[in-house]
Amino acid sequence: MIHHAASAGSDDRNQAGLVKTFEAHFDGLPTHRSRAPGRVNLIGEHTDYNHLPVLPMALQRSVRIVLRPRDDDLVRVVNVDPEFEPVEFRIDDDIPPATAGHWGNYVRAPAQHLARRFGVARGFDGVLDSDVPVASGLSSSAALVCAVGLALERISELGVDAQTLADEMAEAERYVGTRGGGMDQAISMTALEGHASRIDFAPLRLQPIPVPPEWRFVVADSLKRAEKSGAARTAYNQRTVECREALDGVGAELVRRGVLESAPVGYPELRDGVGWDEALSAGEGVLDDVLLKRFRHEVTEARRVEEAQAALLRGSAETFGALMDASHESLRSDYEVSSPDLDLLVSMARDAGALGARLTGAGFGGCIVALSDTAHADGVIEELARRYYDGRGVSGRLEDRLFVARPSAGASFDLLGAQP
Ligand code: NG1
């Protein structure tokens, strides 16, 4: 029997510990707290970089920084986890990066970006901790970038709203050599407690949708890291290129068929111009096997997001679960981003009574998300604990790898002592 951590999360952590660490490293006390959550994507995977919709929710797990603004441009951040060495740099238009993959680059990223965009030049001393599992498809990196970015924005009193800052933070991540689709920063900055959000891109639009209180999203980590700096990133980037090639091929074919006068500039324009059926038929006529598979995933996943949004709005958990199952199958066979461990976890979750399950995040490792209800969530967790995790040598606490995700609020910045 495991003690599952439906309630484990940032708010339960010991803030006094953070303050104490601050006092040990810097003179005096911190004055503010910046916090940004990780997220779990419920459906709409590998669609954001094609500006097609997604449906994520923020987690109760977050990056938190207790901090004190400085009067100069220095940023000093100590991570309570000794595995991550302290970071120190001056805010500038060109901040020299640490080695690739170093966590400090996610602190430098928003600083350089906000310096370039808004002339931000005021730094802070801070102590940081995070309970968002790293490299698991739960957006620990976006949470870090958003927590630092929000702190810098507030310290300089720029008056940038959360949605704009989300867009800026998606840009900021280019500093680390990657550019995701913008979903992670958008949900981390703007989420509402008790809600998931349907997100559309270019321009960013968010529609919060209440999650029925009896729905339970179980997150389970395959224990295989999906490192953004390694092979998973190469495969991710390759998918973005394939999607572009597929779009160009389909666009050219539709022009050749006389259906369109000019090729659509993006996926939303293709959808709005001819509809998915016509687009898919053009794709079937012209794309090679691999590109057709990638294209079919984009089309079917975009449709599933629409249907999932409707199912969420009317509280139909069975339909939502079936759509999650279909999403996983498409990610496995057409998009080819699953792994034997993710497939195993998904099927075990279904065997244990989940209404649907799928990989979440970029794939190639990381987590799955399974939908259950209040009556069955504990059973799903206990089954997965027994069948998947027993004997796999989980390092650390199992409840950091297997937990119920609570739809939580987005990033916040407060005076210390002012938050509940
Ligand atoms: P993860 O693997 O959770 O970091 C990545 C991208 C998202 C999105 C998903 C796939 C980054 C920072 N995030 O998420 O934007 O494209 O893959 O849906 O690259």
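How far is an oxygen atom of the ligand from a polar backbone atom of His46? In this predicted model, the answer is 2.7 Å. That's a handy place to start looking around, so find the ligand in the structure above and zoom in.

You'll see that 16 residues surround the ligand. The closest of them are Arg39, Glu45, His46, Asp48 and Tyr236. A polar backbone atom of Gly137 sits 3.3 Å from an oxygen atom of the ligand. With Asp184, it's the side chain that takes part: one of its polar atoms is 2.8 Å from a nitrogen atom of the ligand.

Asp184 also leads us to another residue, Ser139, because these two are in contact. Where is Ser139? Look in the loop that runs between strand β5 (124-130) and helix α3 (140-155). Setting aside neighbours within four places in sequence, Ser139 touches Gly38, Arg39 and Val132 as well as Asp184.

Next, move over to a sheet. Four strands make up this open sheet, and if you walk across it you meet them in the order β9-β10-β8-β11, with antiparallel pairing. At the edges are β9 (356-360) and β11 (402-405), each of which has a pairing on one side only. As you step from one strand to the next, the twist averages 25°. Helix α10, made of residues 317-333, packs on this sheet and touches β8, β9 and β10 (367-373). Compare directions and you'll find that α10 makes about 45° with β9.

Let's zoom in on one pair of strands. Strand β8 (residues 215-221) runs antiparallel to β11, and four bridges join the two. To see how they line up, find Ala220: opposite it, in β11, stands Leu402.

Finally, how about the cysteines? A disulfide is a covalent bond between the sulfur atoms of two cysteines. How many disulfides does a search of the whole structure find? The count is zero. Take Cys367: the nearest cysteine sulfur belongs to Cys146 and is 19 Å away. That's why Cys367 is in no disulfide, since the two sulfur atoms would have to be within 2.5 Å. Cys367 is buried, with a relative accessible area of 1%, and Cys243 is buried too, at 0%.

Notes. Residues numbered from 1 in each chain as written. Predicted model: local features only at pLDDT ≥ 70, side-chain atom pairs only at ≥ 80, totals over all residues. Heavy atoms only, no water. Pairing = 2+ DSSP bridges. Axes fitted to C-alpha atoms, helices over the stretch in contact; angles between N-to-C directions. Contact = heavy atoms within 4.5 Å. Buried < 20%, exposed > 50% of the residue type's maximum accessible area, 1.4 Å probe, protein only. Near = heavy atom within 4 Å. Polar contact = N/O pair within 3.5 Å; in protein donor to acceptor, adjacent residues only side chain to side chain.
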